[in-house]
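The tour goes stop by stop.

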Amino acid sequence: MTATNTLRPAFVETFPTPMEPATLYVSISYRTCGHLCACGCGHEVITPLSPAQWSLTYDGESLSLSPSIGNWALPCQALLDPQG
């Protein structure tokens with residue numbers, strides 16, 4: 001797997017197994033996002049959406065999560081800044 005700094009959004013009911021690289025899965029029903037770590041290590045990252053944690057903005061083309069996602073619990077400690 002290779003590192004990426006761009007994820008394409010995919011709106012789904014549940015996350016597929018396995019997840020595809022460079023894809024940010026969004027489940028509105030479960031208020032959760034999931035993706036493979038952007039560093040390329042292959043770890044799954046699950047992000048709950050709520051006003052107290054992360055929020056999602058979608059304008060029909062691009063998607064942003066706020067705040068940035070830091071994977072400090074993973075060995076790679078990757079940082080994904082979906083706002084660029």
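Select Cys 39. In this predicted model, Cys 39 is partly exposed, at 31% relative accessibility. Cys 37 is buried, because its relative accessibility of 4% falls under the 20% cut-off. How many disulfides does the count come to? The count is zero.

Now colour by pLDDT. The protein averages 85, and 89% of the residues score at least 70. Where is confidence lowest, and where is it highest? Strand β8, residues 79-80, has the lowest confidence, with a mean of 60. Strand β2 has the highest, at 96. Where pLDDT is low, the predicted coordinates should not be read in detail.

Go to β2, which covers residues 23-27. Pick Thr 23, a residue of this strand. Is Thr 23 buried or exposed? Thr 23 is buried, with a relative accessible area of 2%. Show its contacts, leaving out residues up to four places away in sequence. Leu 7, Arg 8 and Ala 10 touch Thr 23, and so do Gly 34 and His 35.

Next, move to Ile 28, in the loop between β2 and β3 (32-36). Ile 28 has a relative accessible area of 54% and is therefore exposed, the cut-off being over 50%.

Note on methods. Residues are numbered from 1 along each chain as its sequence is written. This is a predicted model: local features need pLDDT of at least 70, side-chain atom pairs count only at pLDDT 80 or more; totals for chains, interfaces and linings use all residues. Side-chain values use heavy atoms; hydrogens and water are left out. Helices (H or I, at least four residues) and strands (E, at least two) are DSSP runs, numbered from the N terminus. Buried means under 20% relative accessible area, exposed over 50%, partly exposed in between (1.4 Å probe, protein chains only). Contact means heavy atoms within 4.5 Å. A disulfide is a pair of cysteine sulfur atoms within 2.5 Å. pLDDT is the predictor's confidence in each residue, from 0 to 100.
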